[in-house]
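Welcome, and please load the model in your viewer.

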Amino acid sequence: MKYALISDIHANLPALEAVLADIDRRSDVDAIYHLGDLVGYAPWPNEVVALLRQRGVPGIAGNYDSTTGTDYKHCGCKYENLRQEELSHESYAWTRAHVSPETKRYLAGLPFRIDLGPKGGHISGGPRLILVHGTPTLNTLYWTEDRPDSFCMQMAGIAGAKPGDVIAFGHTHKSWYRVVEGVHFVNTGSVGKPKDGNWRAGYVQLSIGDADPRPEFIRVDYDIERTMAGIRESELPDEFAEALRTGGTPGSPLEYKTVPENGGNLAG
C-alpha cells in the first residue's frame, strides 16, 4: 500500500488544493488520510472540510478540530511568547464564529485515532499504520524531533505498536522520521502552516509492504499570495500571512520569493 498522509491544513484552501492535485498526479497512491487540524489561522475552514468530504478523505481529530467541535475554552495550542498567545486566541475566536453548524458537527465527530492494516486485517502479524495527531495519549502533546528514543518507545507501548509498525502524526508542523527498536515514527509536517522555514505545502507519501516502510517527504508550490490576501481581507491578524511567507521562521532564507520554482522532494 502507498498512502498519502496530510496534516495541519489549518484552513489554507489553496495549499490543500495544490497538495491534492499533486497526489492526483501520482497514480500509484492507494489512499489519502488526514491527520487533523483542518481549521484555524486561515479563512477557509468550511471550504477545507467540504473539499475533504467531497473527496472522501477520512481522518482524525487534531486539537484544533476537537476543541472547535466541542466549544472548548481554547485550542490547546503551544505559545512561545505572549503575542503568540494573543494571536492564537484571536484565531480560535474567529474560527469558532465562522465554522458552520455542519462543519462543527463534522469536526466533533472525527475519531481520535485510526489503525490501518495495509495487508488486511485477516492476516495476523502484518505491519500496522497507526494515525494520531499529537501522540497516542493526547492530540495536544507535541512530539518533536528532539524527543528521546525512550519517549518514542513509551508512546509505541501505549499505542500497542510492535517492530515493523508505523506511527504517523503531525501537530508540530515539522516533518521528521526515525526508527527505534524496529518501530517507525513519521511526523508528516504541515500542508497549510509549515514551521520549518520552507513556505511550501508539505505532506508524506508512505509505502508499506513486504520491505521496510519508506516515507517520502514532499513539498508542493501553491498560490501563497491568494492565501495571504485571504487572511488580510478577513478579520484574522495579518501576522498569520507573514508567518506563511517565511515558513513560520522570521527572516527565513527560504522566503517564497527567493526559492527556486522546482524545489523537488526531500527523501525520508
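Start by selecting His173 and His10: their side chains make a polar contact at 3.3 Å, meaning a pair of N or O atoms within 3.5 Å, where within protein one must be able to donate a hydrogen and the other to accept it, and residues adjacent in sequence count only if both atoms are side-chain atoms. Before moving on, note that this is a predicted model, in which local features need pLDDT of at least 70 and side-chain atom pairs count only at pLDDT 80 or more, while totals for chains, interfaces and linings use all residues. Residues are numbered from 1 along each chain as its sequence is written, and side-chain values use heavy atoms, with hydrogens and water left out.

Is His173 buried or exposed? His173 has a relative accessible area of 4%, so it counts as buried (under 20%; exposed is over 50%, partly exposed in between, with a 1.4 Å probe and protein chains only). His173 sits in the loop between E5 and E6; strands are DSSP runs of E with at least two residues, helices runs of H or I with at least four, numbered from the N terminus.

Next, show the open sheet of five strands, ordered E3-E4-E5-E7-E6 with mixed pairing (two strands pair if DSSP finds at least two bridges between them). Its edges are E3 (114–116) and E6 (176–180). Zoom in on E5 (166–169) and E7 (183–187), which pair in the parallel sense over four bridges; there, Phe169 has Asn187 as its bridge partner.

Phe169 also belongs to an aromatic cluster with Trp143, Phe151, Trp176 and Phe185. The rings of Phe, Tyr and Trp (its six-membered ring) pair if their centres lie within 6.5 Å; planes under 30 degrees apart are stacked, over 60 edge-to-face and the rest tilted.

For one of these pairs, select Tyr64 and Tyr92: they are edge-to-face, 5.8 Å centre to centre with 70 degrees between the planes. Tyr64 lies in helix H3 (63–69) and Tyr92 in helix H4 (82–98), so the pair ties together parts 28 residues apart in sequence. Tyr64 is buried at 0% relative accessible area, and Tyr92 is buried at 4%.

Last stop: the largest nonpolar core, with 48 residues (buried Ala, Val, Leu, Ile, Met, Phe, Trp, Tyr and Cys joined through side-chain atoms within 4.5 Å). Ile6, Ile23 and Leu38 have the most contacts inside this core, and helix H1 (13–25) gives the most to it, with seven residues.
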